[in-house]
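Please keep the sequence and the model in view while reading.

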Amino acid sequence: MSDIHEVYAVKYGRHERKKAENYIGGDPHDTNEPIDYFVWAIKGPSGNFVVDTGFDTAMAKKRRRKLDRPIPEGLKAIDVEAEKVENVIVTHLHYDHCGNYDIFPNARFHLQDMEMAYASGRCMCHQHLRIPFEEEDVVAMVRKVFAGRVTFHDGAQQIAPGITVHKIGGHSKGLQCVCVKTKRGTVVLASDTTHLYSHINEGRVFPITYNVGEVLDGYDTMRRLATSPNHVVPGHDPLVLQYYPAAKAGLEGWVARLDVDPKTA
Ligand SMILES: [Zn+2]
Ligand SMILES: [Zn+2]
């Protein structure tokens with residue numbers, strides 16, 4: 001059986017912000033550097049996989065983020081029916097990666113042991129560490145555990161032939177990236193292991209961070225896992241939609257195809 005997959009980035013939201021907000025230590029340039037919000041879809045011989053579940057309209061309002069397009073719409077545009085998806089990989093439990101938990105009623109959720117321990121344990125006693133988490137999101141994942149719908153992973157593990165997860169930690173203690181075998185080689189869906197290209201390329205670190213050393217080691221790990229630096233896809237960079245072609249005509253600026261070479265990176 002072939003283990004070659006198609007991979008897509010589906011944008012669903014945006015946050016306008018100053019560049020200085022994206023780096024520990026700030027940035028001397030007084031310019032804007034917005035971030036985009038994505039989920040990712042993987043299509044292949046083992047079926048359709050979705051990576052992360054984003055946030056919904058209510059959360060966008062609460063967190064003052066812009067929600068461009070509901071996630072089921074973006075997935076539908078590439079013929080992925082959310083209600084039929086059987087496997088969802090959750091990179092970590094931050095609010096912008098694990099909401100919308102009812103739009104995948106038939107899915108099993110893949111999560112690192114450490115992320116659940118972190119999001120439901122002693123670190124959440126600290127207000128500063130709670131900031132990127134939402135109580136209801138974490139509780140919803142605990143409920144899925146009790147419903148028998150969560151598969152836990154510890155470190156590097158195969159989800160299906162050609163799809164593996166790798167614990168990176170750093171930004172969130174149990175954060176994982178996803179490696180996907182494609183016709184152009186191994187693509188690394190970095191999620192928040194590198195928010196923007198500038199983080200991995202310049203060795204800089206996003207302010208929300210549990211462990212700076214793990215973030216920086218994670219950049220090396222991803223470079224090792226990916227076929228080339230051009231195979232690492234950051235989790236929040238608007239450039240992704242410029243570098244990669246639209247999945248099909250009409251989806252420009254919304255859904256991009258990641259298993260073809262980017263124009264530049
Ligand atoms: Zn995050
Ligand atoms: Zn994020």
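The zinc ion (ligand 1) and the zinc ion (ligand 2) lie 3.5 Å apart, and aspartate 192 coordinates both. This pair links distant parts of the chain: histidine 92 belongs to the loop between β5 (87–89) and α3 (95–98), aspartate 192 to the loop between β11 (185–191) and α7 (197–202), and the two residues are 100 residues apart. Helices (H or I, at least four residues) and strands (E, at least two) are DSSP runs, numbered from the N terminus. This is a predicted model, in which local features need pLDDT of at least 70 and side-chain atom pairs count only at pLDDT 80 or more, while totals for chains, interfaces and linings use all residues. Residues are numbered from 1 along each chain as its sequence is written, chains are lettered from A and ligands numbered from 1 in the order in which they are written, and side-chain values use heavy atoms, with hydrogens and water left out.

Which residues coordinate the zinc ion (ligand 1)? Its donors are His92 (NE2), His94 (ND1), His171 (NE2) and Asp192 (OD), at 2.1 to 2.2 Å. Donors are N, O and S atoms within 2.8 Å of the metal (3.2 Å for Na, K and Ca); water is not among the atoms, so sites may look incomplete. Along the sequence, the donor residues of this ion follow the spacing H-x1-H-x76-H-x20-D. The angles among the 4 donor atoms of the zinc ion (ligand 1) run from 89 to 174°, and the site is irregular. Four donors count as tetrahedral if all angles lie between 85 and 135 degrees; four count as square planar and six as octahedral if opposite donors are over 155 degrees apart and all others between 65 and 115; anything else is irregular.

Histidine 92 and aspartate 192 are both buried. Buried means under 20% relative accessible area, exposed over 50%, and partly exposed in between (1.4 Å probe, protein chains only). Serine 172 is situated in the loop between β9 (163–167) and β10 (176–182). Serine 172 is buried as well, with a relative accessible area of 0%. Leaving aside residues up to four places away in sequence, serine 172 touches His92, His94, Glu115, Tyr118 and Phe133, where contact means heavy atoms within 4.5 Å.

Cysteine 179 stands opposite valine 188 in β11. β11 also pairs with strand β12 (residues 232–234), here in the parallel sense over 3 bridges, and serine 191 stands opposite proline 234 in β12. Because 6 of the 7 residues of β11 are buried, this strand is largely enclosed by the rest of the structure.

The cysteines deserve a separate remark. A search of the whole structure finds 0 disulfides, a disulfide being a pair of cysteine sulfur atoms within 2.5 Å. Cysteine 177 is in no disulfide, and the nearest cysteine sulfur, that of cysteine 179, is 5.0 Å away.

Finally, the protein as a whole has 9 helices and 13 strands. Buried residues make up 55% of its 265 residues.

Key
Two strands pair if DSSP finds at least two bridges between them.
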